[in-house]
Amino acid sequence: MEKDFMDLENFLKNPEVQSVTGNINQELIERRKYVPSVCKALSHKYTVLEDNPYFKFSIDKEAGKQLPYIINNKVQNIIGVDSPDESLRQKYCKQRNIGIVFSGGPAPGGHNVIAGLFDAAKKANPENKIYGFLLGPDGILENEAIELTKSIVDSHRNLGGFTMIKTGRTKIDTKKKMALTRATCKNLNLDAIVIVGGDDSNTNAAFLAQEMFDDRLQVIGVPKTIDGDIQVKDIDGNVLCAISFGFHTAARAFANEISNLCTDCSSDVKYWHICKVMGRVASHLALEVALQTHANITLIGEEFADYIDEKRIEKAKKAKIVDYSAYGMTLRHLSRLICDGIVRRAAVGKNYGVIVIPEGILEFIDEIQVFIIKLNTIIAEYNKKHDIDFHSDFPMLRDKLEYLRRLARRSREDSSFTIWNTRDDDLFDDIPEFFQKGLLTERDSHGNFQFSLVETDKVIMELVTDYLNILKENGVYKIGIERAYYIDILNKEGFDPDFFGHVLFRNYDDNNRFLLVKESIISVKTLKKVLIKEGAIRENENIPACVEKIFKKSAPKFKTQVHFYGYDGRGNDPTRFDCIYTYNLGLTVFSLIANGSTGQMAAIKNLEMDFSRWEPVGIPIAPLMHLEERKGKLALVLEKSVVNVNSTAFKVVKAFEEKWLAAEPGEDHYRRPGPIRFTGKSEEDRPITLVLNALKDA
Ligand code: FBP
């Protein structure tokens with residue numbers, strides 16, 4: 001034993017063993033070495049900014065009131081120059097200290113933002129210092145930062161995650177936190193702070209820019225989030241930022257995994273794969289995944305927001321009543337739409353498939369949205385009034401439900417109290433317990449409902465399973481039997497296929513390739529009854545084995561495998577698109593800082609076009625802000641962009657809905673996007689959504 005151990009120790013010292021068990025591999029080496037292309041304007045030694053009056057915004061009065069110093073900011077074009085005048089050169093190259101922070105969930109490409117900023121800053125003046133705040137905004141509040149050196153930056157180039165300095169979700173949203181921020185900036189003698197974050201973090205960036213304006217601390221935002229919900233257009237619909245960084249990588253990572261499931265399920269033909277994909281509210285990721293994989297069913301939440309059930313309206317019209325439940329999608333109706341696809345595929349022998357469900361779909365289901373808004377308000381008001389937080393005070397579901405019951409009682413005694421009434425309480429009682437828990441989970445620090453914690457897929461699929469069982473009992477949900485197979489089986493055992501065909505199937509004379517067992521035959525017992533009634537067998541005879549076999553093959557089992565795609569794709573190494581995009585964002589950030597901007601968001605215009613047309617710009621954040629309900633009160637925030645149902649990408653997905661469902665005999669139409677690469681021809685240039693949306697004529 002002793003000897004074996006010694007041998008293993010020596011074995012581990014073997015250079016080949018060390019090489020294959022080390023954490024440096026060829027992919028890592030090549031990623032670190034890869035040099036992203038640089039936009040034309042940013043490839044010059046210096047840059048200047050030019051206000052671009054072409055882009056206009058509809059400005060919220062409140063934004064003007066709360067952000068007076070930055071509300072008049074304009075879109076800024078970045079122009080490359082090689083020999084600027086001396087004063088500009090001096091201004092551009094003056095020694096600067098810049099702090100950068102990641103805020104919110106990780107998104108592939110973040111390290112390249114830092115790399116771009118670092119390279120540009122060091123090129124302008126080798127004495128420039130870049131500080132990385134640790135663990136997100138908490139690093140700012142607690143003055144926890146490290147100076148980023150070349151070796152730190154080099155070892156993270158083109159790599160995923162936010163591992164270099166980590167991230168966090170703290171919001172800098174109070175006077176106290178602003179004061180702590182001011183103290184940290186003074187302590188590090190910062191000239192600028194860069195906030196790499198989503199809509200809420202860029203909102204923070206705008207308020208910080210306003211607050212620190214007199215301190216001459218510049219604040220620049222960077223559009224980050226895999227959700228793809230930071231998209232900026234001006235009032236005339238001109239696109240300034242087509243997508244946030246990280247979206248392409250996450251979508252490609254999810255798509256690759258989901259495409260593998262398409263291959264697997266169409267091989268062993270027994271599972272429906274239920275794939276929930278991240279995206280908090282917006283369904284951009286699901287839409288891109290649909291385009292990348294051609295999965296059989298993809299739900300797009302935004303489609304259901306203004307849903308009108310025409311059939312119900314028609315029925316109500318006839319009955320001369322108004323059916324309010326026909327307006328807005330309900331969970332029940334949604335589950336029926338899914339069942340319809342499942343039943344139709346089964347009818348052509350395909351009792352398998354892939355369903356993509358965006359994690360935020362419940363936001364677009366009217367009945368659920370009402371609960372979320374009400375519960376957000378109840379929790380926020382409770383937290384405002386009490387020292388102890390709602391969730392600490394009511395840790396168990398039964399305590400929370402009891403509190404809601406008390407509110408319902410109060411509404412009966414006090415008519416001015418309307419936030420939670422008896423009807424709300426009764427409806428909430430009908431919801432399955434795990435979903436009640438989900439709706440009552442802790443909100444994030446921005447007051448957002450955390451969809452990633454709710455088993456959205458479970459909520460929907462429970463209803464789907466229930467309804468499929470009903471359809472099975474009614475004989476509607478059946479697996480189609482291939483006619484040639486049926487004839488072959490019966491002939492082999494010497495039975496007349498035509499005679500039994502008319503007894504067994506509802507469509508035997510239709511010349512269809514797939515035969516559907518009659519609705520009335522739902523068990524071996526009912527099969528026997530029908531066979532006796534039609535004179536195929538006598539009372540005391542057994543069902544012919546081949547006939548029973550055919551029946552059993554037609555009886556569906558609905559077997560599912562549930563998957564969640566989120567954190568895995570978020571941690572993926574970036575695609576080439578995200579590598580190049582983020583590196584140029586970093587360069588843009590420095591250009592904005594070196595030219596004195598504040599309250600701007602770095603962006604790359606024309607992302608939807610060929611790289612040669614990419615243009616770095618600064619987008620004013622304040623004019624993009626509007627009032628929205630948060631934690632139960634109106635707050636000025638950057639608008640989140642959800643899927644536009646009039647967009648070309650959405651229309652294309654809708655146009656292919658039937659084809660990709662493939663509820664007809666023959667092959668499915670799955671697409672194989674393949675794994676993420678950052679070099680080589682097989683890596684796509686940009687998200688398919690962007691390509692389609694740039695082609696406006698659909
Ligand atoms: P950001 O908006 O901060 O980029 O985060 C996006 C996201 O990945 C969502 O898709 C998801 O709903 C959420 O973060 C998950 O949050 P957490 O990381 O706190 O679980």
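**Exercise 1. Determine which domains supply the shell around the ligand, and which classes of residue form the shell.**

Step 1. The shell around the ligand takes at least three residues from each of domain 1 (39-48 + 60-80 + 91-245 + 575-623) and domain 2 (249-472 + 560-568 + 648-695); the domain bounds come from an automatic or database domain assignment. The structure is a predicted model, in which local features need pLDDT of at least 70 and side-chain atom pairs count only at pLDDT 80 or more, while totals for chains, interfaces and linings use all residues. Residues are numbered from 1 along each chain as its sequence is written, and side-chain values use heavy atoms, with hydrogens and water left out.

Step 2. The ligand is surrounded by 14 residues, and the closest are Gly105, Asp227, Glu359, Tyr567 and Arg570. A residue is near a molecule if one of its heavy atoms lies within 4 Å of it.

Step 3. Sorted by class, the shell holds 3 nonpolar, 5 polar and 6 charged residues. Ala, Val, Leu, Ile, Met, Phe, Trp, Tyr, Cys and Pro count as nonpolar, Asp, Glu, Lys and Arg as charged, and the others, Gly among them, as polar.

**Exercise 2. Identify side chains that place a polar atom by an oxygen atom of the ligand, and state what share of the ligand the protein buries.**

Step 1. Arg169 has a polar side-chain atom 2.9 Å from an oxygen atom of the ligand. For Lys224, the distance from a polar side-chain atom to a ligand oxygen atom is likewise given as 2.9 Å.

Step 2. In Asp227, an N or O atom of the side chain is 2.5 Å from an oxygen atom of the ligand.

Step 3. The ligand taken alone exposes 480 Å², and the protein buries 88% of that. Accessible areas come from the Shrake-Rupley method with a 1.4 Å probe; for residues, only the protein chains shown count as cover.

**Exercise 3. Decide whether strand β10 and Asp668 are buried or exposed.**

Step 1. Buried means under 20% relative accessible area, exposed over 50%, and partly exposed in between (1.4 Å probe, protein chains only).

Step 2. In strand β10 (residues 272-277), 6 of the 6 residues are buried, so the strand is largely enclosed by the rest of the structure. Trp272, Ile274 and Lys276 point one way, whereas His273, Cys275 and Val277 point the other way.

Step 3. Asp668 lies in the loop between α28 (648-661) and α29 (688-694). Asp668 counts as buried because its relative accessibility is 13%.

Step 4. The Asp668 side chain makes polar contacts with the side chains of Asn296 (3.5 Å) and Tyr352 (2.7 Å). A polar contact is a pair of N or O atoms within 3.5 Å; within protein, one must be able to donate a hydrogen and the other to accept it, and residues adjacent in sequence count only if both atoms are side-chain atoms.

How values were computed: Helix = DSSP H or I, 4+ residues; strand = E, 2+ residues; numbered from the N terminus.
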